[in-house]
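Hi,

Here is the structure I said I would pass on, followed by my notes on what turned up in it. Have a look at it first, then read on.

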Amino acid sequence: MYVADSNRYNNMLYLRCGNSGLKLSAISLGFWHNFGDSDPFDNMRKIVQRAFDLGITYFDLANNYGPPPGAAEENFGRILKFDLKPYRDEIIIATKAGYKMWEGPYGDWGSKKYLLASLDQSLKRMNLDYVDIFYSHRPDPQTPIEETMEALYKAVHSGKALYAGISNYNPEQTKLAYSAAKQMGLKLIVNQVRYNMFARDVENGLFNTLNELGMGAVIYSPLAQGLLTERYLDGIPEDSRVRKSGVFLKESDITPERIEKVKKLSEIAKRRGQTVSQLALSWILRNKVVASVIVGASKVSQIEDNVGCINNLEFSEEELKEIEEILKG
Ligand code: NDP
């Protein structure tokens with residue numbers, strides 16, 4: 001029987017999500033890859049246990065994570081049942097709907113019909129009464145924003161979600177969503193977006209918008225899916241995302257230029273007593289609007305490595321400049 005480490009809250013940081021009452025673990029665990037039906041259950045169970053033991057309280061899911069879609073929620077539901085049920089009030093479970101989940105006109109995008117049916121299905125797969133955060137996974141240009149927000153409002157009002165968020169909304173869409181929700185009496189607390197040393201568009205406006213609105217940023221793909229680690233420095237390992245999936249991170253993404261940059265970054269990391277992944281994560285956490293950085297992991301050792309970033313979050317001006325030079329070069 002799993003018993004959580006009694007020291008689990010000693011080293012992790014918990015950051016307030018915008019001006020809401022909710023704090024998130026600075027590092028969180030994502031279920032996009034490695035939690036499908038072809039992945040070994042025992043490994044995913046160990047990853048989740050270790051994550052919780054290291055102070056990670058936020059687990060990030062979506063209806064379509066798998067493969068097949070839905071499998072990650074089912075597998076997480078089993079892990080909850082075996083291991084985490086006694087700790088339900090100590091964890092934040094998020095799910096999303098917005099990408100294609102089932103056939104026909106009601107299984108995709110941002111209609112009330114789709115979002116609320118999908119949330120019910122997610123709750124069933126995880127065997128939960130409620131999730132902590134329910135996200136609109138992407139903006140839908142064809143559905144009025146008021147309708148998508150009404151779906152989130154109803155999710156919260158019915159008690160099936162405690163908080164509501166959006167994901168992949170640009171600054172303009174974020175402002176519209178925020179004010180539509182506000183008119184209904186719903187406070188959007190978070191926008192979940194991609195941000196890493198190689199993908200920095202959210203620095204140009206979105207972070208400011210979130211600050212102004214009092215929303216938090218939750219960051220996905222902080223390690224550029226594994227590129228910003230030591231994973232690809234000596235070729236492409238057989239058990240890597242590129243080889244196992246190859247859809248979202250392709251062999252052609254592992255360019256000599258990027259590898260060169262990672263090698264240079266690793267010099268700075270070494271000086272700071274960090275690994276490359278720890279450097280990449282602490283560099284993201286220097287932004288005060290960031291409430292949590294969601295990492296993916298295929299191994300327990302990766303979670304241990306990533307959580308270690310907490311031990312060195314300070315950057316000197318020189319270090320930041322040096323990093324800029326490397327990323328520009
Ligand atoms: P990362 O950038 O953290 O990439 C994770 C991958 O990097 C791992 O699977 C592993 O690759 C490798 N890795 C992680 N840690 C280490 C380490 N310490 N050393 C070496 N390699 C390491 O994030 P993801 O792209 O997986 O995204 C994280 C989460 O964000 C997702 O699970 C999901 O919850 C969320 N997300 C949300 C999206 C949205 O639209 N809202 C879109 C995408 C993600 P390998 O498998 O090769 O070992």
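Over residues 27-327, the chain is 42% helix and 15% strand, with the end C-alpha atoms 23 Å apart. Helices here are DSSP runs of H or I with at least four residues, strands are runs of E with at least two, and both are numbered from the N terminus. That stretch is what UniProt lists, in an unreviewed entry, as "domain: NADP-dependent oxidoreductase"; UniProt positions are in the numbering used here, feature names are shortened, and annotations may be inferred rather than shown by experiment.

Two housekeeping points. Residues are numbered from 1 along each chain as its sequence is written. This is a predicted model, with local features needing pLDDT of at least 70 and side-chain atom pairs counting only at pLDDT 80 or more, while totals for chains, interfaces and linings use all residues.

Now the ligand. The shell around it holds 30 residues, the closest being G30, W32, Y220, G226 and G296 (a residue is near if its C-beta atom, placed from the backbone, lies within 6 Å of the molecule). β10 (290-295) and α10 are the elements that give two or more residues to that shell, and α10 gives the most, with three. By type, the shell splits into nine nonpolar, 17 polar and four charged residues. Nonpolar there means Ala, Val, Leu, Ile, Met, Phe, Trp, Tyr, Cys and Pro, charged means Asp, Glu, Lys and Arg, and the others, Gly among them, count as polar.

Helix α1 covers residues 41-53, and its 13 residues reach 18 Å from first C-alpha to last, close to the 18 Å expected at 1.5 Å a residue (the expected span is 1.5 Å times one less than the number of residues). Its buried residues are M44, I47, V48, Q49, R50, A51 and F52. For the record, buried means 20 or more other C-beta atoms within 10 Å of the residue's own, exposed means 12 or fewer, and partly exposed is in between, with C-beta atoms placed from the backbone. G55 follows α1 and has a positive phi, near 100°.

The largest nonpolar core has 92 residues, of which L152, A164 and A181 touch the most other members. Such a core is a set of buried Ala, Val, Leu, Ile, Met, Phe, Trp, Tyr and Cys residues joined through C-beta atoms within 7 Å. Helix α4 (145-157) gives the most to this core, with seven residues. Leaving out neighbours within four places in sequence, L152 contacts F134, S136, A164, A181 and L186 (contact means C-beta atoms, placed from the backbone, within 7 Å).

Just after α5, G185 takes a positive phi of about 90°.

Y163 lies in strand β7 and counts as buried because it has 23 C-beta neighbours inside 10 Å. Its contacts, again leaving aside residues within four places, are S20, L22, D132, I133 and I189. The C-alpha atoms of Y163 and S20 are separated by 9.4 Å, though the two residues are 143 apart along the chain.

- Cis peptide bonds join G66 to P67, with omega about 0°, and P67 to P68, with omega about -10°. P67 is found in the loop between β4 (58-60) and α2.
- N127 has a positive phi of about 55° without being a glycine. It is in the loop between α3 (112-126) and β6 (131-136).
- N168 has a positive phi of about 65°, and is not a glycine either. It sits in the loop between β7 (161-167) and α5 (171-183), and is partly exposed, with 18 C-beta neighbours inside 10 Å.

Last, L233 is in the loop between β9 (216-220) and α7 (241-244). L233 counts as exposed because it has 12 other C-beta atoms within 10 Å. Not counting residues up to four places away, L233 touches I259, V262 and K263.

Cheers

Methods. Contact = placed C-beta atoms within 7 Å.
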